[in-house]
Structure formats: C-alpha cells, structure tokens
Amino acid sequence: MSMLRGLKTLAFVEAKLFLREFFGVFFNLAFPLLMLFIFGGIYGNTPSPFFGGQGSVDVMVPAYMAMLIGTSGLLTLTIIISTYREFGILRRYKATPLRPQTILIAELLVIVLMLILGVILLLACASLVFHLRFHGNALSVAGAFLLSSLSFFSLGFVLAGLLPSARSAQAVAMTIYFPMLFLSGATIPREALPLTIRSISQFLPMTHVVNLLRGLWIGDPWGKHLTEVVILAAVAAIGLVVAVKTFRWE
Amino acid sequence: MGKQVVVEIEHLKKYYGDVRAVDGVSFQVFQGEIFGFVGPNGAGKTTTIECAEGLRRPDGGVVRVFGLDPQTAGIKLKERLGIQLQEAALSQHLKVWEALDLFASFYPRAVDRPALLEQMGLAEKRNAMFTKLSGGQKQRLFIALALINDPELIFLDELTTGLDPQSRHAMWDLVRGARDRGKTIILTTHFMEEAERLCDRVAIIDHGRLVALDTPERLIQNLGAGGRVVFSVQTAVDPAKLSALPGVTRVEAAGERYTVYGASPKIVVDVVNFLSAGDIPFRDLRTEQPNLEDVFLAMTGREMRD
C-alpha cells in the first residue's frame, strides 16, 4: 500500500500538467491528426498501385503510430526527466516518503496514457473520415506497438541519463528525433524516398518500427519481419541496461 | 539536559573531490529546540543538514535521526520529517493548491490545508501556478510543503531568504509556534539577527568545522567583549583620558566620533560623568551590546557578509 501511496495523485497531477503544456499536447496529440487531415485531404484513401494496392491513409496510420512512439519515448520522456532533474523537482520529491520507483511509474503511466490517447484519436479520425482499412491481427499490431515503445522509451531514458543538462537533453533528443521522423518513413512514406536515403534509414530504429507496424497492419506474418523484431528487441535490451547504469536523480 | 536526543551527529565528513565540505562535525539536537547553523556560504551548513535529511551520503562519521540511519531507514523516517530545501522547484504549471494536495498524498497524515495556506499568506494565491509566484511566495510555499505532514523534525535551509521583513517575522513566529508544540527545528541562516533572535542554540560553522556551539546569550557572554559607548563631540577629547577611566579597555576615535569599549556596564556612567565634568558638549550618545555578528567575527576572523 505504501508503495502505491501518492501514485494516484501524482499520476493525476502529472496528467493535468501534461495537458497544460502546449508542446506536449501539440506533438503527442495534435500533430499526427494535422498530418492526417492535410495528406489524407490531398491524396484521399483510394487504393493505389504506388502503395501496393493500399490507400494513402492506410499507409499513413501505422507510420504515424511509429511517429507517436518516437515522440513519447524520445522527446517527451527525455525532456520531462531531464528538466525535472535539473530544476530540482525530483530532488524535492526525494525529500518525501515517495519512493523513486513511484515517481518513475507515475511519469511513465502518464506518457503511456497520452500515447494511447494519441493512437485512439488517430485511429478514430482515420476510420471516421477516411474509412481506414485494416487487414492484420489486432493483437500482433498491439504486440509490435509494445515492443517498439519499449525500445524507444529505453532510448529516452538513456538520453536523459547520459546528457548533463535539460538543455542538452532537449537539443540532442530533437536532433535525433526530427531527421528520423522524415527519413524513416514515419511522415514521408518510404515509397516516396530516394534509394540512398532508404539505405541510410536502415540505421534508424524508427525505420524498423515503421516497417514492422506497416507490415503487420496489412497482415504480414511475424516471420517476415524478424530483422525488425531483433533490432528493436536489441535496442530495448541495451537501452535498458545503459539506462539503469546511467539514470540519476541529481 | 534530560531531553530526548533527536539528531546525533558524530565526526561527520563529506568531501566533494578535494574540497572538505564537512570536516569532522559533531553535535546533538534535542527534542523541542530550535537549532541553528550559521556560517558564510560554502561553510558546510547545507551539506551537514542534507546528510541528516538522508539526501546526501556521508563520507565518514555517524548520523542518527530518531536513532535511525537516514541512509537506510527509508520511508518510515521520511514520514516524520519536514524538509525545506535551499534550492528546489516544482513543475511550472502546478497550482499552489495542487502542490499541497499532491504532497499531502505522500504522507499518512496531513494538516488542514486551507489553514496552512492562510498561515503562509498564500490563501489568495491558491489557484496560481508555481511559475507565476514571486520569490517570496515560492519560498513560503516550500515552507508550507515542509509542514504539510505535521512533522516531528523540521529542516529549514535558509528559511527567510527572499522574504520581506514582515514575512520574515511571520516565519519566526511560525517556527516558535512549532517549537512550542514540541517540534524540533533545525535551520540554517546567514542572518545573524535571525540566529540570535530565533534559535535556542546556535552552531557556528566555518570551512566545514564547528567553531562554536551554545545558546546565543552564552556565545555572546563568552566572547567577554563587554559593551561599548559611542558618542560624537564637537571639540576634540584626549583619548588617553578616556582610556584612563575605570573599566575602559579600548578607545577608538574617528573624527568627531568616539567609541569607548569596556567590560563593565558602568562605563556609560563614567563616560557621561567625564564629559559633563569637562563641560564637553556631546550628542548621539548610545551604548551597543556585542551581538552574534561580533562572536562570528571573533571566531572566524572575518565578517559574515563577505
């Protein structure tokens, strides 16, 4: 019981704080919808040979899910942890009976909740407005979503742990996040990217998230995406080890 | 003193690289007293109390709070402490009432929050976000958070820094009130007046070492400096004649202004009699008692505010 004392209130307060921050609300909730309505509005969702018989929105939605995972893990998590540390907010919590784990659980809970909310909004708008098609297995997609989230959340912890200040964490997180966003196929579909970029993008973890989610979305078997699974699992595992070693409260 | 020991520190050492922030400090704090640390910035005050709070791990020595080691005691001990840190922050967009509710939820019991806000002069700021508060309001909010769990032992690190004189006196009353209800308070300050007027006992700390520890009255008494008489005259007086008065230890003359030092309170009478007898008109005559500032100067060889 004492383990959970404070968790409910802290998570609730943190959720409110999240929604009071323009940056968080925009990138975690509004931005994918904005993209959906702009590009869905331009290209519609008619099946096209360019996307192997899928519509633009059918391709966009799993890719935007990858974008949401990147935003939550790489940007939101990194920025929250590094600012809380730098400004002494974690320090103040440390002076209370609150367990450090409780603080982490509360932060993660809120970020995951916002991620799920972002996905629900995306799916709802894409279905209602653009008649989104889905040919995969919902459980498989959920599993791939979880694995991808694990690897990106552990990357966020690594950045927050390794970088000395909130400013540098923010700068590095953005420097990694934004190019990845455009090169990985998360915003511009890989079909529209030149081959050189596509070969570079093999080194970006987000590319593998996009490929895995898009594949499972149209009903690919897991066997077809073992490379992505191994890479993402490795990133998650290595990230977790480094994160545990580098995580600091002060 | 038959009182219960709340905090016991023996030979505490804490180093930051080559810097000996705390270098073998020992003292005890008893239940129901206001114990103050004074010393210049960097003297080791904050490090010492943060070791007692369990926020820093000592490099040597023994720290016991309610008989427990703060490093290993964990939550049960933290529940009995109220801590105001010298440097802390809350999330920018957290509102005052939310901060109080949030921190109250961390403890098994909490005091009446509207009353606490009222007491802290924050009642009309209850809906304000942290970032919109002035320095003094933030400070008062952090003091409120330190009191939210009705703690038995309260740590206040530079409690009145950034407060206007009115709030400062209100905080003093609050601390005295807590003491009168049986709470123990450990505070740091670099205001000598605050230490002298508020603390039951004062520890003077300098370069990581405890240089003196006693009640403010005894610290001043033990200095043996006695009082001084200050006055101004139009026509010059021979300092040698003043020095010859009984009980006078030293005379300083600076222009029209004379300061006569002496151990006995009787020197005032002697000085006034001497001036009247010589028909020397004087003005602005007053006596000054030594204060903690003088004690600090004598103990450390330097002014507090440097």
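# A tour from strand to interface

Begin in chain B by selecting Gly36(B), which stands opposite Leu187(B) in β7(B). These labels follow DSSP runs counted from the N terminus, where a helix is a run of H or I of at least four residues and a strand is a run of E of at least two. What you are viewing is a predicted model, in which local features need pLDDT of at least 70 and side-chain atom pairs count only at pLDDT 80 or more, while totals for chains, interfaces and linings use all residues. Residues are numbered from 1 along each chain as its sequence is written, and chains are lettered from A and ligands numbered from 1 in the order in which they are written.

**The six-stranded sheet of chain B**

Then show the open sheet of six strands in chain B, whose order is β5-β6-β7-β3-β8-β9 and whose pairing is mixed. At the edges you will find β5 (81–84) and β9 (209–214) of chain B, each with a single partner strand, so one side of each has no neighbour in the sheet. From one strand to the next, the twist averages 15 degrees, with axes taken as lines fitted to C-alpha atoms (for helices over the stretch in contact) and angles running from 0 to 180 degrees between N-to-C directions. Contact here requires that the C-beta atoms of two residues, placed from the backbone, lie within 7 Å.

Follow the chain into the loop between α6 and β6 of chain B, where Asp150(B) lies. Although Asp150(B) is not a glycine, its phi is positive, at about 50 degrees. Most residues other than glycine have a negative phi.

**The three-stranded sheet of chain B**

Now select the other open sheet listed here, in which three strands of chain B follow the order β2-β1-β4 with antiparallel pairing. Its edges are β2 (19–30) and β4 (60–65) of chain B, each having a single partner strand, so one side of each is left without a neighbour in the sheet. Strand β1 (residues 5–16) of chain B and β4(B) pair in the antiparallel sense over five bridges, and Glu8(B) stands opposite Arg64(B) in β4(B). Against this sheet packs helix α1 (residues 45–53) of chain B, touching β1, β2 and β4 of chain B, with its direction at about 120 degrees to that of β1(B). Stay with α1(B), which is mostly covered, as nine of its nine residues are buried, including Lys45(B), Ile49(B) and Glu53(B). Just after α1(B) comes Gly54(B), which takes a positive phi of about 90 degrees.

**A hairpin and another positive phi**

Move on to strand β11 (residues 248–254) and strand β12 (residues 257–262) of chain B, which run antiparallel and are joined by six bridges, with Ala253(B) standing opposite Tyr258(B) in β12(B). Two residues lie between the strands of this hairpin, and in it Gly255(B) takes a positive phi near 65 degrees. Then select Asp284(B), which is found in strand β13 (residues 282–288) of chain B and has a positive phi near 50 degrees without being a glycine. Asp284(B) is exposed, with 10 other C-beta atoms within 10 Å.

**Across to chain A**

Show both chains together, and look for the 21 residues of chain B that are in contact with 19 residues of chain A. On the chain B side, the elements that give two or more residues are α3 (75–78) and α4 (96–104) of chain B, and α4(B) gives the most, with four residues.

Finish in chain A with helix α2 (residues 22–43) and helix α3 (residues 56–86), which pack at an angle of about 160 degrees with their axes 10 Å apart. The helices α2(A) and α3(A) are therefore roughly antiparallel to each other, a description used for angles over 145 degrees, whereas under 35 counts as roughly parallel, 65 to 115 as roughly perpendicular and the rest as oblique.

Definitions and conventions: Pairing = 2+ DSSP bridges. Buried ≥ 20, exposed ≤ 12 C-beta atoms within 10 Å, placed from the backbone.
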